[in-house]
Amino acid sequence: MNDLPISLRRYFQSLAGCAYFFAGGALRRKHRPLLYLLCKHFGFEKEPEGPSARPAATVPTVSASAIIQDDTAVCLSRIADVEGNITPAELMILAALVKQRGPAVCFEIGTFDGRTTENIAANQPVDGQCYTLDLPLDGADRAALPLASGDKTYIKKPVSGARMSKQAQSGRITQLYGDSGTFDFSPYYGKVDLMFIDGSHSYEYVLSDTEAAWKMVTPGGLILWHDYDSRWWPGVTRALNQLQGQDPRFAAIRHVENTALCCLIR
Ligand SMILES: C[S@@+](CC[C@H](N)C(=O)[O-])C[C@H]1O[C@@H](n2cnc3c(N)ncnc32)[C@H](O)[C@@H]1O
């Protein structure tokens, strides 16, 4: 059978798709997996193997509807996500948890462009305070613990909090700079009502940031982690599997279904 006409049609359709893809379409989240597949096809990318392979997710799940009250109304800004942000659905869940719990003090590790910070602060009570810690631009080369491969993409940016409005920054948000592996968290011990951990994605940093969170968050307060069960960040999954499965303090961690969020009421 002559399949040349079909192949020719596919050739020109692919050509049109490639023109769009390489003219910028590749930066859209839904097209990005194709970059990985192309690199893999041409031998530039290998599936992780051995101990760094994607671990199975073992943290029990909870549905978003089970943790969010039905009548919670949130305030959202900068909803569209860029590479490195949490997804719009995750942003909504985070905002809803902040809104319904009314935390006076929030603490985020990993400011990045400030999108999550601004949305956390916008849903806190009017007299709330939101602290956000970020590694300075040159900090990647002096990090106290091993970073995950891929962390540097988000560390090496000209400015932290670039997407936060001036109004948000001058209100209840305080930007802090330092390495979460060495930062002095002691002034915040026992004072934080909600903590969001989305800094370095290495196993070592997730364990270290979680220990800091445990000391900072008040009993009954909420700890949230991002990037659980992500193919790109196996260290986060390994650390949270271990904490939930082996450390009684963290046995109640739950993975929010259809998201990369995990949560725990301390
Ligand atoms: C993936 S981004 C966070 C994204 C953010 N939550 C959002 O949705 O917009 C990770 C951030 O953690 C910061 N970071 C990485 N390692 C860190 C460390 N050791 N201490 C503090 N911040 C760190 C990076 O500079 C980066 O801004």
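Start at the ligand: the shell around it divides into nine nonpolar, nine polar and six charged residues. (Ala, Val, Leu, Ile, Met, Phe, Trp, Tyr, Cys and Pro count as nonpolar, Asp, Glu, Lys and Arg as charged, and the others, Gly among them, as polar.) Before going further, know that this is a predicted model, where local features need pLDDT of at least 70 and side-chain atom pairs count only at pLDDT 80 or more, while totals for chains, interfaces and linings use all residues. Residues are numbered from 1 along each chain as its sequence is written.

Stay at the ligand and show its 24 surrounding residues, of which G110, F112, S180, G199 and S200 are the closest. (A residue is near a molecule if its C-beta atom, placed from the backbone, lies within 6 Å of it.) The elements giving two or more residues to this shell are α5 (115-122), β3 (129-134) and α6 (151-155), and α6 gives the most, with three. (Helices are DSSP runs of H or I with at least four residues, strands are runs of E with at least two, and numbering goes from the N terminus.)

Now select α5. Eight of its eight residues are buried, so the rest of the structure largely encloses this helix. (Buried takes 20 or more other C-beta atoms within 10 Å of a residue's own, exposed 12 or fewer, and partly exposed lies in between; C-beta atoms are placed from the backbone.)

Next, colour the strands. Eight of them make an open, mixed sheet in the order β1-β7-β8-β6-β5-β2-β3-β4. At the edges stand β1 (61-62) and β4 (173-177), each with a single partner strand, so one side of each has no neighbour in the sheet. (Strands pair if DSSP finds at least two bridges between them.)

Zoom in on β7 (residues 254-256) and β8 (residues 262-265), an antiparallel pair with two bridges. R254 lies in β7, and its bridge partner in β8 is C263. With 18 C-beta neighbours inside 10 Å, R254 counts as partly exposed.

Last stop: which residues does L240 contact, leaving aside neighbours within four places in sequence? They are V59, V206, W225, Y228, I253 and C262. (Contact takes C-beta atoms, placed from the backbone, within 7 Å.)

Conventions: Two residues are in contact if their C-beta atoms, placed from the backbone, lie within 7 Å.
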